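These are my notebook entries on one structure. I record what I looked up, entry by entry.

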Amino acid sequence: MVERRFRKRTLFLFAYLIFALLPIYWMVNMSFKTNQEILSAFTLWPAEFTWANYKTIFTDPSWYSGYINSLIYVGINTVISLTVALPAAYAFSRYRFLGDKHVFFWLLTNRMTPPAVFLLPFFQLYTTMGLMDTHIAVAMAHLLFNVPLAVWILEGFMSGIPREIDETAYVDGYSFPRFFFTIFLPLIKAGVGVAAFFCFMFSWVELLLARTLTSVNAKPIVATMTRTVSASGMDWATLAAAGVLTIVPGAIVIWFVRHYIAKGFAMGRV
């Protein structure tokens with residue numbers, strides 16, 4: 001009976017794995033084909049293997065600049081989000097003040113709000129301030145969503161650290177900056193990794209704000225991928241190659257923080 005259940009679970013997991021990986025495989029498969037082959041025949045692997053689509057992306061400035069722009073504003077946003085969220089999360093986890101729960105809930109409501117709600121205010125504000133089509137514009141806009149998420153994640157990790165560690169450090173003569181960076185921060189490095197991962201992924205895949213607040217100089221890859229229609233039709237092969245390359249940074253980040261994410265799930269904060 002137990003063996004039978006084990007077989008059913010194994011078959012179910014195997015089927016789910018195929019279902020989950022099939023779109024990725026098909027995108028990789030398309031990236032090595034020509035548009036003619038994609039539109040003319042249904043094949044499980046390329047009949048005429050080609051690197052031309054990847055060559056187009058790495059040699060055409062309109063393509064590879066999109067990846068550079070995305071990495072720039074995603075990096076800026078992740079650093080600023082963690083810099084702001086760390087002291088805020090420490091305050092929520094260690095101190096009790098008037099309206100603390102209401103402020104914490106207000107932060108989370110910002111994260112739950114659709115980006116489209118803030119699109120018009122950001123557009124008008126950045127147009128007035130001359131920040132349109134800049135990396136900092138997109139990075140600052142994403143702070144509205146990433147900082148609450150980072151605060152929520154980090155607060156959960158910080159609350160799991162006993163307060164006696166803080167008190168002992170102060171008794172030993174540690175200043176707060178020295179205590180925070182040399183003792184406290186290493187204890188919550190898993191939380192920092194998880195928060196950085198989610199901030200990175202939100203900024204990397206977010207489309208509406210990134211596309212609206214940029215046009216040429218800071219246009220990200222997600223916006224470039226939506227503008228591949230020409231007079232000859234959709235360039236499916238190049239678009240598939242761009243999609244494969246878009247997955248790579250996220251996969252690399254997941255590889256480095258995979259243990260921290262598992263710990264975050266175990267603590268119930270992810």
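Which residue lies over the face of Trp26? I found Lys33 there, at 5.3 Å from the ring centre. I count a charge as sitting over a ring if NZ of Lys or CZ of Arg is within 6 Å of the ring centre and within 35 degrees of the ring normal. I noted a further case at Tyr174, where the charged end of Arg178 sits over the ring, 4.1 Å from its centre.

Basis of the entries. I am working with a predicted model, in which local features need pLDDT of at least 70 and side-chain atom pairs count only at pLDDT 80 or more, while totals for chains, interfaces and linings use all residues. Residues are numbered from 1 along each chain as its sequence is written, and side-chain values use heavy atoms, with hydrogens and water left out.

Entry on Asn53. I located Asn53 in helix 3 (residues 52-59); helices (H or I, at least four residues) and strands (E, at least two) are DSSP runs, numbered from the N terminus. Its relative accessible area is 8%, so I list Asn53 as buried. The scale is under 20% relative accessible area for buried, over 50% for exposed and partly exposed in between, with a 1.4 Å probe and protein chains only. I then looked up the polar contacts, meaning pairs of N or O atoms within 3.5 Å; within protein, one must be able to donate a hydrogen and the other to accept it, and residues adjacent in sequence count only if both atoms are side-chain atoms. The side chain of Asn53 reaches two backbone oxygens: that of Ser31 at 2.7 Å and that of Lys33 at 2.9 Å. For contacts (heavy atoms within 4.5 Å), I set aside neighbours within four places in sequence and found Asn53 touching, among others, Met30, Phe32, Ala237, Thr238 and Ala241.

Entry on the cores. I define a nonpolar core as a set of buried Ala, Val, Leu, Ile, Met, Phe, Trp, Tyr and Cys residues joined through side-chain atoms within 4.5 Å. The largest has 30 residues, and Val151, Leu154, Met158, Phe184 and Ile188 have the most contacts inside it. Helix 7 gives the most to this core, with 9 residues. I checked Leu154: not counting residues up to four places away in sequence, it touches Ala85, Leu86, Ala89, Gly191, Val192 and Ala195. Apart from this core I noted another, of 28 residues, including Trp63 and Phe118.

Entry on aromatic rings. Rings of Phe, Tyr and Trp (its six-membered ring) pair if their centres lie within 6.5 Å; planes under 30 degrees apart count as stacked, over 60 as edge-to-face and the rest as tilted. Phe122 and Tyr126 are stacked, at 5.6 Å centre to centre and 25° between the planes. Both lie in helix 6, 4 residues apart, about one turn of the helix, and both are buried.

Entry on Asp133. I found Asp133 in the loop between helix 6 (119-129) and helix 7 (135-159). Asp133 has a positive phi of about 60°, although it is not a glycine. It is buried, with a relative accessible area of 12%.

Entry on Thr212. Thr212 belongs to helix 11 (residues 208-212), and its side chain reaches the backbone oxygen of Leu208 at 2.8 Å. Thr212 and Met132 are 80 residues apart in sequence and 9.1 Å apart in space, C-alpha to C-alpha.
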